[in-house]
Amino acid sequence: MEMLEIKNLHAGIEGKEILKGVDLSVGKGTVHAIMGPNGAGKSTLSGVLTGRPDYKVTGGSAFYNGKDLLSMSPEERSWAGLFLSFQYPIEIPGVSITNFMKSAVNARRKALGLPELKPAEFLRLLREKMAFVQMKSEFAKRDVNVGFSGGEKKRNEIFQMAMLEPSLAILDETDSGLDVDALKIVADGVNALRNSERSFIIITHYQKLLEYIRPDVVHVLKEGRIVMTGGPELADKIWKEGFESING
Amino acid sequence: MDDFLKDITAQEYKEGFVTEIEQDYVPAGLNEDIIRTISAIKKEPQWLLDFRLDAFRKWQNMKEPRWGHLDMPEIDYQNIIYYAAPKKDSDRPSEIDPALMETFDKLGIPLNEREALAGVRPKEDRQVAVDAVFDSVSVKTTFRKALADKGIIFCSFSEAVQEHPDLVRKYLASVVPSGDNFFAALNSAVFSDGSFCYIPKGVKCPMDLSSYFRINASGTGQFERTLIIADEGSQLSYMEGCTAPMRDENQLHAAVVEIIVEKDADVRYSTVQNWYPGDAQGRGGILNLVTKRGICRGEGAHLSWTQVETGSAITWKYPSTILKGDYSTSEFYSVALTNNYQQADTGTKMIHIGRGTRSRIVSKGISAGHSQNSYRGLVRMNPGAKGARNYSQCDSLLIGPLCGAHTFPVIRNGCPSAIVEHEATTSKISEDQMFYCGQRGIPPEEAVGLIVNGYAREVLSRLPMEFAVEAQKLLSVSLEGAIG
Amino acid sequence: MDKVFVIGRDAVPERVHLQAGEKLRWTLLYDDSLCDSSAVAVRTEIELCGPGADADIAGLYLCRGDSVIDFDITVRHSSGGCTSRQLFKGMAGGNSKAGFDGLIYVAPDAQKTKAFQENHTILLSDTAHIRTQPQLEIYADDVECSHGATTGYLNPDEQFYMRSRGIPEDEARRLQILSFISPILQRLPEETAREIEDSL
């Protein structure tokens, strides 16, 4: 059984169908890249998988470790190990990163039947993971994403991923708006988190990020369907020839 | 988000218990005899009885104010007991009934100084002196002696009348005249107890002072009077808390707080108002109709109001400051949360009289369920308030489609060198924020608590530490049921 | 419904109902030097009754003598999906009294309302008085509503800047006032705008 099994998934927003029968399998410990032109349905796919309320599923199925993903609430999916690095991270004024992560980590532990972390344990974990993404410790006191630069927001997403240790992380356009240095920090973070148990879906418009994070499998999403699947070389081909060269 | 917006479940109000204790009552009803009886029980001097009777006559010619954005139930003033006090053991009149000790203990208000001093409770790492008022009487005022060593007077209002009549007579009704408004007049006629505090010149109060008001008896109202005087150059942080049992009847709480801040003195007054709010169907709850006002009398005086209002069926309350001294300053920081059928009409008045006076208003309203939440404020710049400034920010957060959030500020400017700025916004918790929290594993109810606490952060951070923690919990608890 | 009302000359309708998709653009002008009566009250209620209705109301009040002006403007969002903007700017000198009451009312279920209101005033004399009362009364949650109000005086830094460039004090003041009222001046017919400019 694959970790994630998506069959003939149809979904849309406000009555408009965007995903028109997506099939995708992601095995344990693999890195999949999903590339595609604007409007292909990349963000819809990440939204549907994580349970964004404005997206409506109209057909098909998605199973995650054998569980029906589509019937679960966003937080249940999170507890099951699904993580989304948002393309546009959300601001929560007045809530510090520390408090936000404390709530997240402990809600998850509670759901998994584990005791809450003691404050000292939590702070140790927080510091360790902040160092991991090269965030300064003052950062933890700042309000979640409020007044962050584009790079800081994305780094904050990777930091949260490191805190929550998901089994499947979806990175939605994490490279957009990043300069090369920030891109490298993000990529280093992801690479360090790669292991035989953890999988990634990297959604991107460009192949730049894929030079730093080499995927095992590359898919091309076009007009709501996966039209081609190949190895890392497919990303290079797209980079050279553009999406127009891909015909499903 | 509408999918999980419901408002059915009852709130958890853990302070809603009743203390079984024998009480002395005066008969229900209001007339001159009742007032004479209350005054006699308290062995008051003639001038104070005259003050009460004068206020009562004014009150008889006044009408209940109806300008609030409130649906007020009919109050039958002849059906209220105006004085109720726990019976004293005639053999040991100076001892506090163990049932009362236990009650305040349960409410987290230690009346035992030794215990508080020895730090038996981990949260008492900072000392707080408390005047504990149970229905119509002050049960105990802690740390009186330690404070007296610094010349600070902290005692119940009744004791102050006996022991410091000159001070009381000088300042009583000097900020809130007895005929100021309907409820202030009522209070002036029938007030029973409350706290009195005098900080002498140049003294920095070594600990936070506090009043804790507890309504217990059924059929009664609470009419306490607080008088705080901060003499020149003194400093004080004052906290006020309150709770009441859960009952199907409405109970009236009509208090008056007066604060006098002299030259260069600094007073910070914080309230966490947690009166019983009524049940999820809007039955019962306290009618909290309160007049709070301070005056910055001298140059450079500073008065700051911070309030977290989560309780009461109805809140009608406008802690205000008269900025008389030149360059005096004042702030009003408020969080008012209403859920179920609660109604709040609260805000402030900043009256600028002196030159270079400054004030700042930050109000955060949160409405959920079927509740109505209004900010009402007045900023007045008198012609002499040269160079005065005010800045106000009033935000409203709506949780669910059935509640209301309203903003009614008034600005009056008669001074061409004054500046007043007011901004107000209305918003709801965004679906994006909820989804972001959910994706990180935070369930909806907890996410709302987190977001609301974040929204109120600017105000909560003004509270003394132990109060801030309590206020945060209270905000989350009070929202229970707002999201199902 | 693009209309300019000169208070004292044109009557402002007391009630207007906007149906779905209808748009209203009003500019109210009160200039006490143009108006015979010294005490004027302008009261109007604009109700947005169908989705897509839009109200854009601006007002300018210039009070320099002994005049008393009171605006009482209600914008009632009875239907969801409507937008409204109010921008009122006033100046009070002499012995004048200028009052502005503005209410944004959002009815239950009038979701997706966008309503904004601003009132900015300048007090020019010790004996004039400004009162402003911007109000929000909101019974729906999925709305974007705000109001802002300021009252103050002409910025002395700006004045000094202009004077240091050789602009005489009176002219500097005139320019400042002009810049303050220009967002509304622009909505007036050229001739009226010029008249006001000249009168400053």
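The questions and answers below concern chains A, B and C of a predicted model.

Local features here need pLDDT of at least 70 and side-chain atom pairs count only at pLDDT 80 or more, while totals for chains, interfaces and linings use all residues. Residues are numbered from 1 along each chain as its sequence is written, and chains are lettered from A and ligands numbered from 1 in the order in which they are written.

Biologist: How many helices and strands are there in chain A?

Modeller: Helices (H or I, at least four residues) and strands (E, at least two) are DSSP runs, numbered from the N terminus. Counted this way, chain A has eight helices and 12 strands.

Biologist: What is the radius of gyration of chain A?

Modeller: The radius is taken over C-alpha atoms, and the globule rule is 2.2 Å times the number of residues to the power 0.38. For 248 residues the rule gives 18 Å, and chain A is close to that, so it is as compact as a globular protein of that length. The radius of gyration of chain A is 18 Å.

Biologist: Are α1(B) and α2(B) roughly parallel or roughly antiparallel?

Modeller: Axes are lines fitted to C-alpha atoms, for helices over the stretch in contact, and angles run from 0 to 180 degrees between N-to-C directions. The axes of α1 (residues 32–41) and α2 (residues 46–60) of chain B come within 10 Å and cross at roughly 155 degrees. Angles under 35 degrees count as roughly parallel, over 145 as roughly antiparallel, 65 to 115 as roughly perpendicular and the rest as oblique. The two helices, α1(B) and α2(B), are therefore roughly antiparallel.

Biologist: Is B:Arg36 buried, partly exposed or exposed?

Modeller: B:Arg36 is in helix α1 of chain B. With C-beta atoms placed from the backbone, a residue is buried if 20 or more others lie within 10 Å of its own, exposed if 12 or fewer, and partly exposed in between. B:Arg36 has 14 other C-beta atoms within 10 Å, so B:Arg36 is partly exposed.

Biologist: Which strand supplies the largest share of the side of chain B that touches chain C?

Modeller: Two residues are in contact if their C-beta atoms, placed from the backbone, lie within 7 Å. On that basis, 26 residues of chain B are in contact with 28 residues of chain C. On the chain B side, β22 (404–413) and β23 (419–428) each supply at least two residues. The largest share, 10 residues, comes from β22(B).
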